Amino acid sequence: MKLQIACDMTDVDLMWKVLDATHDLIDIIELGNIGQYEGARIIPMVRERYPECEIMWDQKQSMLYTDVPAFEYGADYVSVDS
């Protein structure tokens, strides 16, 4: 079993605080709403800070074309919701 945390907040400072407090307990960091505000460029920052965690890029269908580079930025998974 793997534990995933969803970063669906809009404040990047809050995201770092939450991840700093939980990264050693979780397996997968899901970058949801925060990705809409920060863009896929946040993926390598999260990867560098928490290399032991997998990264899921979770975006809405309307953001589909911005998800393609998520793999290039280092996401392990991409999820697209409608």
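This is a predicted model: local features need pLDDT of at least 70, side-chain atom pairs count only at pLDDT 80 or more; totals for chains, interfaces and linings use all residues.
Helix α1, spanning residues 12-22, packs against helix α3, spanning residues 42-49, at an angle of about 25°, and the two axes lie 12 Å apart. Because angles under 35 degrees count as roughly parallel, α1 is described as roughly parallel to α3. The crossing of the two helices is right-handed. On the α1 side, the contact is formed by Val12, Met15, Trp16 and Asp20, which meet Ile42, Met45, Val46 and Arg49 of α3. Of the residues in this contact, six are nonpolar and two are charged, whereas none is polar.

Within α3, the buried residues are Ile42, Ile43 and Val46. These buried residues line one face of the helix, since they fall within an arc of 105° when α3 is viewed down its axis. In general, an α-helix has 3.6 residues a turn, so residues three or four places apart point the same way. Ile42 and Val46 also belong to the set of α3 residues that meet α1.

Tyrosine 50 is located in the loop between α3 and β3 (54-60). With a relative accessible area of 2%, tyrosine 50 is classed as buried, because the limit for that class is under 20%. Beyond its neighbours within four places in sequence, tyrosine 50 is in contact with Trp16, Leu19, Asp20, His23 and Ile29. Trp16 and Asp20 are also among the α1 residues that meet α3. Histidine 23 lies 27 residues from tyrosine 50 along the chain, yet the C-alpha atoms of these two residues are separated by 7.0 Å.

Conventions
Residues are numbered from 1 along each chain as its sequence is written. Side-chain values use heavy atoms; hydrogens and water are left out. Axes are lines fitted to C-alpha atoms, for helices over the stretch in contact, and angles run from 0 to 180 degrees between N-to-C directions. Helices (H or I, at least four residues) and strands (E, at least two) are DSSP runs, numbered from the N terminus. Angles under 35 degrees count as roughly parallel, over 145 as roughly antiparallel, 65 to 115 as roughly perpendicular and the rest as oblique. A crossing is left-handed if the near helix is turned anticlockwise from the far one by less than a right angle, and right-handed if clockwise. Contact means heavy atoms within 4.5 Å. Ala, Val, Leu, Ile, Met, Phe, Trp, Tyr, Cys and Pro count as nonpolar, Asp, Glu, Lys and Arg as charged, and the others, Gly among them, as polar. Buried means under 20% relative accessible area, exposed over 50%, partly exposed in between (1.4 Å probe, protein chains only). The arc is that of the directions from the helix axis to the C-beta atoms.
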